[in-house]
Amino acid sequence: MRRIALMTTALLLVAADEPQLVPDVSQRNVEIQYSFTGADLLLFGAIVYPGGIRPEKPADVVVVLKGPDQSILMREKQKVAGIWVNADRARFQSAPSFYAMASSRPIDRIVDERTAAIYELGVDKLQLSPSSLNESSELDRFQAGLVDLRQRSGLFVERPGTVEITDGVLYRARLPLSARVIVGDYTAETFLVQDGRVVAAAVRDITVRKSGFEQFMAVAAENWSFLYGLTAIALAVGMGWAAGAIAKRI
């Protein structure tokens with residue numbers, strides 16, 4: 001017992017010598033309505049140094065906003081006899097539905113390749129867990145295609161050099177949340193980096209959910225699927241009949 005107590009005390013003393021992060025986010029709950037066009041989230045916080053003494057060399061801050069993982073099947077189309085058909089394909093088991101990152105400096109000037117890969121700092125460092133048996137070169141091509149598609153749709157965002165650090169203690173960064181995000185639990189991660197080493201990390205949870213009529217429709221589709229289907233069919237038939245009646249009168 002004495003040995004365990006001594007080890008615990010030693011670990012606490014080591015931890016006390018490391019800086020700590022006190023992060024927060026402007027919105028813990030994001031509600032999606034019919035008029036939702038996206039959101040602009042502010043990630044901010046403070047760096048608490050042991051004894052209140054800041055290091056001579058300023059530290060760097062990296063913030064990452066990540067959405068729920070998805071299983072994605074990527075298909076590559078080829079033109080055969082003048083017709084576009086599906087050719088090769090690859091499946092990724094854990095592709096984030098949304099990924100946004102901001103840093104105080106470009107990532108390659110903050111950490112090395114290995115550290116960036118461990119903490120997934122950058123869209124090119126995401127570990128997508130491919131489950132298909134494609135060759136390495138094919139997987140790289142499909143991963144590049146997935147990243148390109150999501151960047152163009154605003155679901156993958158990188159903003160190097162946009163984290164503002166005031167007096168070496170307070171930091172803030174803005175990250176856009178696309179209107180195409182899915183509902184679910186998101187994480188806002190903050191990393192404090194000194195001399196190429198991550199010395200502190202902290203996480204805040206964000207919930208993205210539907211509200212109003214959209215929430216009612218989602219709940220109805222999940223809990224009363226049969227009635228929801230009948231109602232959808234009835235509405236489609238009714239609208240078709242109304243459109244035909246109006247066309248005859250015109």
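Lys-125 counts as buried, at 15% relative accessibility, where buried means under 20% relative accessible area, exposed over 50%, and partly exposed in between (1.4 Å probe, protein chains only). Its side chain meets that of Asp-124 in a salt bridge of 2.9 Å, N to O, the term standing for a side-chain nitrogen of Lys or Arg within 4 Å of a carboxyl oxygen of Asp or Glu. Salt bridges that share partners join Glu-113, Asp-124 and Lys-125 into one network. Asp-124 counts as exposed, at 53% relative accessibility, and Glu-113 also counts as exposed, at 58%.

This is a predicted model, in which local features need pLDDT of at least 70 and side-chain atom pairs count only at pLDDT 80 or more, while totals for chains, interfaces and linings use all residues. Residues are numbered from 1 along each chain as its sequence is written, and side-chain values use heavy atoms, with hydrogens and water left out.

**Salt bridges**

A search of the whole structure finds 10 salt bridges, including those in the table.

| Pair | N to O distance |
|---|---|
| Glu-18 and Arg-197 | 3.9 Å |
| Glu-113 and Lys-125 | 3.1 Å |
| Asp-124 and Lys-125 | 2.9 Å |

Helices (H or I, at least four residues) and strands (E, at least two) are DSSP runs, numbered from the N terminus. Glu-18 is partly exposed, with a relative accessible area of 25%, and Arg-197 counts as partly exposed at 47%.

**Sheets**

An open sheet of 6 strands has the order S2-S12-S11-S4-S7-S8, with mixed pairing; two strands pair if DSSP finds at least two bridges between them. Strand S2 (29-32) and strand S8 (156-160) stand at the edges with a single partner strand each, so one side of each is left without a neighbour in the sheet. Within this sheet, strand S11 (residues 184-194) and strand S12 (residues 197-210) run antiparallel and are joined by 11 bridges, and the bridge partner of Gly-184 in S12 is Val-208.

An open sheet of 4 strands has the order S1-S3-S10-S9, with antiparallel pairing. Here strand S1 (20-25) and strand S9 (164-166) are at the edges, each with a single partner strand, so one side of each lacks a neighbour in the sheet. Strand S3 (residues 39-48) is joined to strand S10 (residues 170-177) by 8 bridges, and Phe-44 has Arg-172 as its bridge partner in S10.

**Nonpolar cores**

A nonpolar core is a set of buried Ala, Val, Leu, Ile, Met, Phe, Trp, Tyr and Cys residues joined through side-chain atoms within 4.5 Å. The largest has 33 residues, and those with the most contacts inside it include Val-63, Leu-65, Phe-98 and Leu-177. Its largest share, 5 residues, comes from S12. Apart from this core lies another, of 25 residues, among them Ala-90, Tyr-99, Val-111 and Val-198.

**Confidence**

The mean pLDDT of the chain is 82, and 80% of its residues reach 70 or more, pLDDT being the predictor's confidence in each residue, from 0 to 100. Over residues 1-15 the pLDDT is below 50, and beyond near neighbours in sequence this stretch has 1 contact in the model, contact meaning heavy atoms within 4.5 Å. Where pLDDT is low, the predicted coordinates should not be read in detail.
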